[in-house]
Amino acid sequence: MNLFEKIFNYQIMSRLGESGVSSTTAQERAWLKTMLQRPGAEALFSDAAYRKLMDALEEEAAVDFNSGFAEKVRHVEQSLFHPLIRTLRSYVAGSGAVQLTMLLKDGSRKERQPAYLYKLEYSMVKREWYLLWYHLRNKALLSTKLKYIQDVVPFPSPIAADRIERVRQEIAALLTQRKRSATIEVVKLYNRELSRILYAFSCFEKEVEYDEGNDVYRIRVSVQSDELEYLLLKVRFLGQRVKIVEGDHLRRRMLESATLALRRYGEAH
């Protein structure tokens with residue numbers, strides 16, 4: 001590609017970005033069509049949205065998994081669909097104020113809890129949907145598995161806009177209090193594997209800094225307190241490629257797990 005083509009392509013992409021239009025590659029469209037054909041995918045969309053996506057991808061070829069892949073062992077697949085997921089999503093995108101009925105772990109049932117729905121989250125580790133919501137009476141931010149939610153109905157009376165805004169501010173403050181951060185440094189020997197390392201942290205909020213003088217990459221990762229162990233799992237997965245340089249809790253947990261492992265294998269000898 002010559003210099004003129006690069007400048008022209010950059011200008012086209014810049015204008016598309018400014019207008020809110022995003023381009024997709026043939027590979028991305030093929031993957032999307034393949035995922036939409038998976039069992040349960042149709043249930044996650046409204047009928048109109050699903051048909052619109054499939055019509056737009058009608059001329060695209062799905063990814064062929066029959067050649068070049070050999071499936072040996074896999075886990076039993078769990079459905080990603082929950083009967084209330086569309087309803088909950090509409091409330092999250094709208095006013096958010098509802099009454100929830102749910103089961104507790106001990107089998108008891110809580111009726112019509114006043115709630116402001118904040119976010120739907122899917123845990124890749126536990127393979128379950130969670131609802132992050134704010135209890136309007138107890139002023140607590142809670143996370144509940146969707147399988148425990150039995151019913152959701154609109155709030156009996158409209159909630160004033162200023163109260164909704166205060167609730168959102170309280171949620172933001174609570175999430176900030178729960179947020180933890182750590183700085184992970186890439187060992188210089190493995191700089192060439194930076195893409196793989198960043199992919200391991202792709203599900204986290206992060207910033208990447210490059211120290212040109214020392215040729216060192218540092219990744220500052222921010223997570224909620226209940227995600228620290230999952231972050232630690234990713235760090236262990238990368239092994240000697242990275243080290244935690246900031247974050248006392250993670251450094252201490254890494255030291256504890258390494259010490260226990262050395263003790264266990266030391267006793268074996």
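Guide: In this predicted model, Lys 139 takes a positive phi near 55° in the hairpin of β3 and β4. Four residues lie between the strands of that hairpin.

Visitor: How do you know that strand β3 and strand β4 pair, and in which sense?

Guide: Two strands count as paired if DSSP finds at least two bridges between them. Strand β3 (residues 128-135) and strand β4 (residues 140-145) have six bridges, so they meet the criterion. The sense is antiparallel, and Leu 131 stands opposite Thr 144 in β4.

Visitor: Why is Thr 101 called buried?

Guide: The term applies under 20% relative accessible area. Thr 101 has 2% relative accessibility and therefore counts as buried. Thr 101 is placed in strand β1 (residues 97-103), and the residues touching Thr 101 include Tyr 148, Ile 149 and Gln 150.

Visitor: What makes the approach of the Thr 101 side chain to the backbone nitrogen of Arg 112 a polar contact?

Guide: A polar atom of that side chain lies 3.3 Å from the backbone nitrogen of Arg 112, and the cut-off is within 3.5 Å. Arg 112 is also among the residues that Thr 101 touches.

Visitor: Why does Trp 31 count as partly exposed?

Guide: Partly exposed lies between buried, under 20%, and exposed, over 50%. Trp 31, in helix α2 (residues 26-36), has 37% relative accessibility, so it counts as partly exposed.

Visitor: Which residues form a nonpolar patch on the surface with Trp 31?

Guide: Met 35 and Phe 65 form the patch with Trp 31, and together the three have about 280 Å² of accessible area.

Methods. Residues are numbered from 1 along each chain as its sequence is written. This is a predicted model: local features need pLDDT of at least 70, side-chain atom pairs count only at pLDDT 80 or more; totals for chains, interfaces and linings use all residues. Side-chain values use heavy atoms; hydrogens and water are left out. Helices (H or I, at least four residues) and strands (E, at least two) are DSSP runs, numbered from the N terminus. Buried means under 20% relative accessible area, exposed over 50%, partly exposed in between (1.4 Å probe, protein chains only). A polar contact is a pair of N or O atoms within 3.5 Å; within protein, one must be able to donate a hydrogen and the other to accept it, and residues adjacent in sequence count only if both atoms are side-chain atoms. Contact means heavy atoms within 4.5 Å. Patches are made of residues with over 30% relative accessible area and no salt bridge: like charges are joined within 9 Å, nonpolar side chains (Val, Leu, Ile, Met, Phe, Trp, Tyr) within 5 Å. Accessible areas come from the Shrake-Rupley method with a 1.4 Å probe; for residues, only the protein chains shown count as cover. A salt bridge is a side-chain nitrogen of Lys or Arg within 4 Å of a carboxyl oxygen of Asp or Glu. Lists of a residue's contacts leave out its neighbours within four places in sequence.
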